[in-house]
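Reader: Hi, I have a structure open and would like to go through it piece by piece. Could you help me read it?

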Amino acid sequence: MKTTVAGSYPKIGDLTEEQKLRHALHQFDRHEISEENLQAVQEEVTREVIQEQIDSGIDLVTDGLIRWDDPLTYQAGKILGFKTTGLTRYFDTNTFYREPIVATRLESRKPLLASDYQFAASVSQKPVKAVMTGPYTLAKLSKNEFYRNLAQLAYDLAYIFHQEAIFLEEAGCSVIQFDEPAILHHPQDWQLFLRVYEVVTTGLSKAEKVLFLNFGNLGELYPKICNIQVDTIGCELTKDHPNWKILKSASFTKRLMAGLIDARNTKMETEEEILEIVHHLSEIVPLEKVSLAPSHGLEFLPRSVARKKLTLLAKVAKSYQETKVS
Amino acid sequence: MFLPTTSVGSLPKPDYLVEARSKFSKKQTTREELAELEKRATKEWIEFQEEIGIDILVDGEMYRGDMVTYFAENLDGFAISGLVRSYGNRYYKKPIAVHDIKRLRPITVEWYQYAQSLTKKPVKGMLTGPYTIMDWSFNEHYESRRDFCLKVAEIVHEEAVDLEKAGAAYIQIDEPAISARPEELDLAIEAIGIATQGIKAKTLTHICYGNFSKIYPRMLSIPVDQIDLELSNSHFEMFKLFSKYPFTKEIGLGVVDVHRHTIETKEEVVTRIEKALGVFPTALKIYVDPDCGLKTRTVDEAKAKLRVCVEAAKEVREILSDRYGPAKSQSSEPTLS
């Protein structure tokens, strides 16, 4: 039973030395430092947040999405054909994204995230997972001013993401995660979604593919979501989350990334609570097919609390293994 | 008054105040010294608003860090957590409800009184709404979001009553979080109803950056006299909804984008106001203001954006009076369409 994170890590902390990125972005905004200077700070912070995850005991880390301004514009900015417009709220959070506008046919001539992966992998002693907002959610949350319909837009993005997955596999990435929160809110697009993932993952066998579905519950997508061409499905499984009942309604046939720790509230879970939740998990899927994670990216928490929650997660995984051994 | 101008609430802090706040957080200056500078900055902003001819003023919130944290810091029952990102490069110290929330004393009344003492024009009383305070805080205490929200609603009501007693003719209760969960709109409406119950002053709420299509026209039942909306950021997309279901309250019309450095030209803003006049029923009262609080802009940018709002409103009044005779009251005015 391994531990991982869902994606983002708090970009700054409360200590002065933890705020260099905020400072650098201000300076960059005022044209006081160059893009190279800013990148150097982003790399430094990426290095730090990877180390924090490792120090907390996490097995599979991410680069913390330190370079990402929001879940959409970082990727959209690297795909030709997108421009961005005003701020919109991201699901039910109090964070925002700039809505990408599809202005012309989308194409991507170079890797989107592979170099970020390579940098992270080069500074991490633990395996690094590449995380991206998947093609369906990117299509759904963008404003389509070019394609005839959503399906055409989503297919073009699916090919771009397929190519990206190839780049990542070639770069040595062993786990690729696609975040697709939007499908939970639009289950009527299921057939399209299924096809999109056939395109994205087809012929790719090297890396483990994870589909992460948060900001809602699986609802009517379960159990058919298990037909999707990925190895692992991740979802929110905090205490009393509706997903518990939904997952128990039919057999779960994939590997499970269980978002047990509430990444949207500072209230600390106790070790006993989490152990009990893990026990319930074993009723859904054999624990060797489970990885433990927070329910969302950690950016909704102050960094000090994020650290505490990860440490708890790792501790639970460890003590569970120990009980099993003894 | 036809097309009165106002602003949404926050204004940028001048450099000397930013510096003083930073020193205060490092305990290098006293609370009293900081308060003096907060007063100085408030006075400067009131003077500026008077100078450019804004009709309904704000105190600019020189004494607030964040719109939710400020209230939490002044209430019993909240702890303040570490920094959490809201968007872009902006962070706030997100409050945590740790036990029963109580208001120990009025929070904003003295600032309202101070600002109002500096001008004969009305200054708005500015509160953050119960739903937003609940949604933008962590909850380690209340059983449900509803319990938490309704408790905060009682407190906002107490504060609104005190502002009214102090003479506030306009009480604004900001609810930017209201569109985040359309399924909780009824809760938000119930909470604002508690907050505004029995208030005779003009009440208004400011809403921004959300998926309005999911809460419109239901949001017209929010129990306030006026709804102030961010419209420029979203390129006036809401107008499509308004043509389908007419807007039935007074509207605060956001005519400049507060998240871009560029200053809109007078012509651009005039076009936006004229467009609005074609969309809303003739009798509906329209207030002209920026999309949202201007605190994220530099002082110069904020001033320029306010100025363009005032100049454009003035221009539209002139265009209309040239065309149709003196603009006495909006209800007797034909609209441009």
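**Walking through the model**

Author: Let us begin with a helix: on helix 10 of chain A, the face turned away from the buried side carries the exposed residues Glu272(A), Glu276(A) and His279(A). Please keep in mind that this is a predicted model.

Reader: Which residues are buried in helix 10 of chain A, then?

Author: Helix 10 of chain A spans residues 271-281, and its buried residues include Ile274(A), Ile277(A), Val278(A) and Leu281(A). When you look down the axis of helix 10 of chain A, its buried residues fall within an arc of 100 degrees, so they line one face of the helix.

Reader: Okay, switching to sheets. What order do the strands have in the open sheet of chain A?

Author: The order in this open sheet of three strands is 2-3-5, and the pairing is mixed. Strand 2 (80-89) and strand 5 (143-144) of chain A are at the edges, each with a single partner strand, so one side of each has no neighbour in the sheet.

Reader: How many bridges join strand 3 to strand 5 in chain A, and do they run parallel or antiparallel?

Author: Strand 3 of chain A, residues 96-107, runs parallel to strand 5 of chain A, and two bridges join them. Within this part of the sheet, Ile101(A) stands opposite Lys143(A), which belongs to strand 5 of chain A.

Reader: And which helix lies across those two strands?

Author: That is helix 6 of chain A, residues 150-170, which lies across strand 3 and strand 5 of chain A and runs at about 85 degrees to strand 3 of chain A.

Reader: Let's go to chain B. How many helices and strands does it have?

Author: Chain B has 10 helices and nine strands. Its radius of gyration is 19 Å, close to the 20 Å that the globule rule gives for 337 residues, so chain B is as compact as a globular protein of that length. Taken along the principal axes, its C-alpha atoms fill a box of roughly 60 × 45 × 40 Å.

Reader: What share of its residues count as buried?

Author: Of the 337 residues in chain B, 50% count as buried. As for its contacts with a separation of 6 or more, 75% come from residues 24 or more positions apart.

Reader: I noticed Lys13(B). Why is it called buried?

Author: Lys13(B) counts as buried because 23 other C-beta atoms lie within 10 Å, and the cut-off for that label is 20 or more. Lys13(B) lies in the segment before helix 1 (15-25) of chain B. Leaving aside residues up to four places away in sequence, Lys13(B) touches Val18(B), Ala41(B) and Met62(B). The C-alpha atoms of Lys13(B) and Tyr63(B) are separated by 9.1 Å, although these residues are 50 apart along the chain.

Reader: How do strand 1 and strand 2 of chain B pair?

Author: They pair in the antiparallel sense over eight bridges, and Arg85(B) stands opposite Tyr91(B) in strand 2 of chain B. The two strands form a hairpin with two residues between them, and Gly88(B) in the turn has a positive phi of about 50 degrees.

Reader: Last one: how many residues does each chain give to the contact between A and B?

Author: Chain B gives 26 residues and chain A gives 26 residues. On the side of chain B that touches chain A, the largest share, seven residues, comes from strand 1 of chain B. The residues on that side of chain B divide into 10 nonpolar, 12 polar and four charged.

Conventions:
Residues numbered from 1 in each chain as written. Chains lettered and ligands numbered in written order. Predicted model: local features only at pLDDT ≥ 70, side-chain atom pairs only at ≥ 80, totals over all residues. Contact = placed C-beta atoms within 7 Å. Helix = DSSP H or I, 4+ residues; strand = E, 2+ residues; numbered from the N terminus. Nonpolar A, V, L, I, M, F, W, Y, C, P; charged D, E, K, R; others polar. Pairing = 2+ DSSP bridges. Buried ≥ 20, exposed ≤ 12 C-beta atoms within 10 Å, placed from the backbone. Axes fitted to C-alpha atoms, helices over the stretch in contact; angles between N-to-C directions. Rg over C-alpha atoms; globule rule 2.2 N^0.38 Å. Arc of directions from axis to C-beta.
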